[in-house]
Amino acid sequence: MDSDRGAGARLTVDLDAIAANWRTVRDTAITAEAAAVLKADAYGLGLAPVARRLAAEGCRTFFTALASEGEALRRACPHARILVLSPVVALDAEVLERAALVPCLPSIEEVDAWVARARDRGRPLPAALHAETGINRLGMAADAVHAVATDPSRRAHLELVLVMSHLASADAPADPASHRQRERFDAVRAMLPGVAASLANSAGVFLGADYHYQLVRPGICLYGHDPHVHLRDPRVRPVAHLHATLAQVKTVAAGEGIGYGATHVCAAPTRIGVVLAGYADGVRRSLSWPGAGPRYVAAVGGHPAPILGRVSMDMITLDLGAVPTTVAVPGAMVELIGPAVPIETMAGCAGTIPYEVLTGISPRVRRAYLPTAEGRAPGDTR
Ligand SMILES: *Cc1c(COP(=O)(O)O)cnc(C)c1O
């Protein structure tokens with residue numbers, strides 16, 4: 001599948017699944033534009049390949065967290081509209097202009113820094129306003145939005161393309177917090193007639209049409225995880241598959257400990273497998289067994305292989321008792337995330353969330369993309 005055949009861990013990213021998930025968002029938020037959030041290297045999956053695929057699918061608007069990410073995205077997608085969620089104008093103005101990025105301005109001070117820049121240039125600069133409606137992170141209060149909206153001397157220097165805010169609890173549909181945020185957002189939006197509005201992240205998309213406005217900003221659901229705590233949407237397809245090489249198989253005698261600290265001592269002779277992925281690859285140390293959470297179970301040829309002892313920097317150890325000896329052979333690829341090991345399960349065992357698992361998969365892990373080059377459709381210039 002990939003030309004690089006060395007041992008270690010490999011992340012396979014299913015670009016068709018990302019495209020299908022984006023179409024699901026588009027068809028759910030039917031009256032809104034479906035953008036895509038590509039911050040943190042497209043949640044660890046690879047900024048350029050993911051962006052190119054989404055652009056080919058029809059996605060026109062992208063969000064990054066940092067201006068530097070936006071500049072990298074500009075190289076991959078020369079014609080896209082790119083908004084930066086966490087700009088600091090004093091530090092980022094040059095890059096923002098150079099790469100034609102649109103800052104989501106989160107305070108009146110940031111607005112004024114951008115306005116000053118526009119005044120220097122002698123032309124209005126594009127901008128989004130980020131309103132605070134209840135998450136109390138980035139964003140400006142309603143009175144600050146009002147001050148900008150009603151001030152012709154500021155408005156003259158801004159080409160306002162979007163007013164946005166961010167939901168704190170959209171993954172819990174029963175929580176009244178989202179409704180309250182929506183009411184506050186409606187008040188802010190009314191100050192800027194004619195400016196497109198955006199409130200929904202992935203979870204917000206599935207909260208219903210009331211949350212869609214003119215543009216939705218999904219991230220994690222494109223990458224294979226529906227963040228709703230209960231009742232995940234079955235149309236969201238898994239995207240990320242993490243495998244690592246089984247390097248050694250051996251039987252350890254009763255009474256022997258496994259790994260650093262010998263936190264697991266074998267009660268009986270145990271056939272173990274040593275797998276070449278550890279915390280330096282993003283296989284979190286909190287997956288160690290025994291540990292705080294439920295026991296993590298990898299898969300070898302579809303057979304369950306529970307973790308034993310601590311996760312170390314470059315390897316983990318599995319109990320191969322339930323894996324046929326013909327399957328568990330050195331060189332075999334062990335499934336760490338995939339059809340038999342959902343990312344939600346791995347994250348739960350590690351005491352974290354799929355977002356952190358994906359963005360934590362380190363650069364040492366080789367990336368491979370599906371469909372492969374041979375699988376490309378004619379005319380696909382990816
Ligand atoms: C990260 C982020 C998103 C995307 O959130 P998901 O939960 O991954 O869909 C949308 N908007 C803002 C402001 C964000 O920071």
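## A question to start

Is Arg123 buried, partly exposed or exposed? Arg123 turns out to be partly exposed, with a relative accessible area of 43%. We'll come back to this residue once its surroundings are in place.

## The model as a whole

What you're looking at is a predicted model. The chain's mean pLDDT is 95, and 96% of the residues reach 70 or more. The stretch to watch is residues 377-382, where the pLDDT is below 50; beyond near neighbours in sequence, that stretch has four contacts in the model. Where pLDDT is low, the predicted coordinates should not be read in detail.

As for the overall build, the chain holds twelve helices and 19 strands, and its C-alpha trace spans about 80 × 45 × 35 Å along the principal axes. Of the 382 residues, 52% are buried. If you take contacts between residues at least 6 apart in sequence, 66% of them join residues at least 24 apart.

## Surface and charge

The chain exposes about 16400 Å², with carbon and sulfur atoms supplying 55% of that area. On the charge side, there are 38 positive and 37 negative side chains, and the centres of the two sets lie 3 Å apart.

Side chains of opposite charge can pair when their charged atoms come close. This structure holds 17 salt bridges. Some of them join up: Asp16, Arg23, Arg53 and Glu57 are linked in a network.

## Helix α5 and its packing

Helix α5 covers residues 89-98, and its buried residues are Val89, Asp92, Ala93, Val95 and Leu96. What do these buried residues pack against? Their partners are α4 (67-76), β5 (81-84), β6 (101-105) and α6 (108-121). After the helix comes Ala100, which has a positive phi, near 55°.

Arg98 meets Glu71 in a salt bridge, 2.8 Å from N to O. Glu71 sits in helix α4 and Arg98 in helix α5, so this pair ties together parts that are 27 residues apart in sequence. Arg98 itself is exposed, at 54% relative accessible area.

With Arg123, the closest N and O atoms are 3.8 Å apart. Here the link runs from α5 to the loop between α6 and β7 (125-130), and the two residues are 26 apart. Glu97 counts as partly exposed at 22% relative accessibility, and Arg121 is partly exposed as well, at 40%. That brings us back to Arg123, partly exposed at 43%.

## Leu246, in another part of the chain

Where does Leu246 sit? Its place is in strand β11, which runs over residues 240-252. Leu246 has a relative accessible area of 2%, so it counts as buried.

For a sense of distance, compare Leu246 with Asp120: the two are 126 residues apart in sequence and 60 Å apart in space, C-alpha to C-alpha.

Terms used:
Residues numbered from 1 in each chain as written. Heavy atoms only, no water. pLDDT = per-residue confidence, 0-100. Contact = heavy atoms within 4.5 Å. Helix = DSSP H or I, 4+ residues; strand = E, 2+ residues; numbered from the N terminus. Buried < 20%, exposed > 50% of the residue type's maximum accessible area, 1.4 Å probe, protein only. Areas by Shrake-Rupley, 256 points an atom, 1.4 Å probe, with all protein chains shown as cover. Lys, Arg positive; Asp, Glu negative; His and termini not counted. Charge placed at Lys NZ, Arg CZ, Asp CG, Glu CD. Salt bridge = Lys/Arg side-chain N within 4 Å of Asp/Glu carboxyl O.
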